[in-house]
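Have the viewer open and pick a colouring that helps you tell helices from strands. We will walk through the chain together, stopping at a few places along the way.

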Amino acid sequence: MEISESHARELARQAERKAELREALERELAGVEEILFEAGCGHGHWLTSYAEEHPHLQCVGIDLISWRIRKCLNKRDKRELQNLHFYKAELNEFLEVLPDAIRFQCTVLLFPDPWPKARHHRRRMVQPAFLDEVAKRTDRGGQFCFRSDDRPYYDWTIEHLEAHPDWQIDAEAQWPHENDTYFQDMMDEYHSVIARRV
Ligand SMILES: C[S@@+](CC[C@H](N)C(=O)[O-])C[C@H]1O[C@@H](n2cnc3c(N)ncnc32)[C@H](O)[C@@H]1O
């Protein structure tokens, strides 16, 4: 099948981006076996606070937006946190190139974009394939933590977790760490769910 020139250019850019990310992850996370992973970390408030309280766990946050990652890196550098890493990366590309040896103790999604229109639901970060990928990297007992102010997205996440054979909702689990994020600070109410890898 023929592909257009612009599509070919986009594929080339994507390959270059992934190669650079893979190289940075292999270099900076060499020897790391287990992480707490935050997808869509925004300005990094929550993860920075978490990493400060858990100096023995490596914490990795990603976000699509460069200037947000710059803010995250400034926070990390100011506090001189050696166990905190931020990358400008798209979620699926990150999961594709992350070294195989790295396991997730916990995966966190805080106020992910809700994409309310039905035709945009496929852009939500919570998807069966995403839950598959995270499950592959998570040992039994490891957690997936989701929080959103958007009730339909919260319900969507509950439905996808209930339908997934590798995750079980743990209604008794305590939220791992409380610290406002940029978005949490603006919300009057929100909904949280924690699932465990089974
Ligand atoms: C509504 S903001 C929430 C940010 C932060 N978690 C908070 O609570 O303040 C959602 C974030 O997810 C990021 N994001 C959206 N889709 C993404 C993707 N596919 N991969 C990585 N980051 C993504 C956006 O750039 C944005 O910073």
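This is a predicted model: local features need pLDDT of at least 70, side-chain atom pairs count only at pLDDT 80 or more; totals for chains, interfaces and linings use all residues.

Residues are numbered from 1 along each chain as its sequence is written, and side-chain values use heavy atoms, leaving out hydrogens and water.

In the model, residues 4–35 are 75% helix and 6% strand, with 40 Å between the end C-alpha atoms. Helices (H or I, at least four residues) and strands (E, at least two) are DSSP runs, numbered from the N terminus.

Next, find helix α3, residues 66–79. Its 14 residues reach 20 Å from the first C-alpha to the last, close to the 20 Å expected at 1.5 Å a residue; the expected span is 1.5 Å times one less than the number of residues. Buried here means under 20% relative accessible area, exposed over 50%, and partly exposed in between (1.4 Å probe, protein chains only). The buried residues of α3 are Arg68, Ile69, Cys72 and Lys75. Seen down the helix axis, they fall within an arc of 115°, so they line one face of α3; the arc is that of the directions from the axis to the C-beta atoms. An α-helix has 3.6 residues a turn, so residues three or four places apart point the same way. The face turned away from the buried side of α3 carries the exposed residues Arg70 and Lys78. Covering the buried residues are, among others, α2 (45–53), β2 (58–63) and β3 (84–88), where contact means heavy atoms within 4.5 Å.

What comes after α3? Glutamate 80 follows the helix, with a positive phi near 55°. In the loop between α3 and β3 you will also find glutamine 82, which counts as exposed at 68% relative accessibility. Its C-alpha is 9.4 Å from that of glutamate 52, a residue 30 places away along the chain.

Now for the cysteines. A search of the whole structure finds zero disulfides, a disulfide being a pair of cysteine sulfur atoms within 2.5 Å. For cysteine 41, the nearest cysteine sulfur belongs to cysteine 72 and is 4.0 Å away. Cysteine 41 is buried, with a relative accessible area of 7%. For cysteine 59, the nearest cysteine sulfur is that of cysteine 106, at 9.5 Å, and cysteine 59 is buried at 0%.

Move on to the loop between β4 (103–110) and α5, where phenylalanine 111 lies. Phenylalanine 111 has a positive phi of about 50° although it is not a glycine, and at 8% relative accessibility it counts as buried. Tryptophan 115 also lies in the loop between β4 and α5; its phi is positive too, near 45°, but at 29% relative accessibility tryptophan 115 counts as partly exposed.

Our last stop is helix α6, residues 151–163, whose 13 residues reach 18 Å from first C-alpha to last. At its start, a side-chain oxygen of aspartate 150 comes within 2.9 Å of the backbone nitrogen of tyrosine 153. Tyr153 is also one of the buried residues of α6, as are Trp156 and Leu161. What covers these buried residues includes α5 (128–136), β5 (143–148), β6 (167–169) and β7 (191–197).

How values were computed
A polar contact is a pair of N or O atoms within 3.5 Å; within protein, one must be able to donate a hydrogen and the other to accept it, and residues adjacent in sequence count only if both atoms are side-chain atoms.
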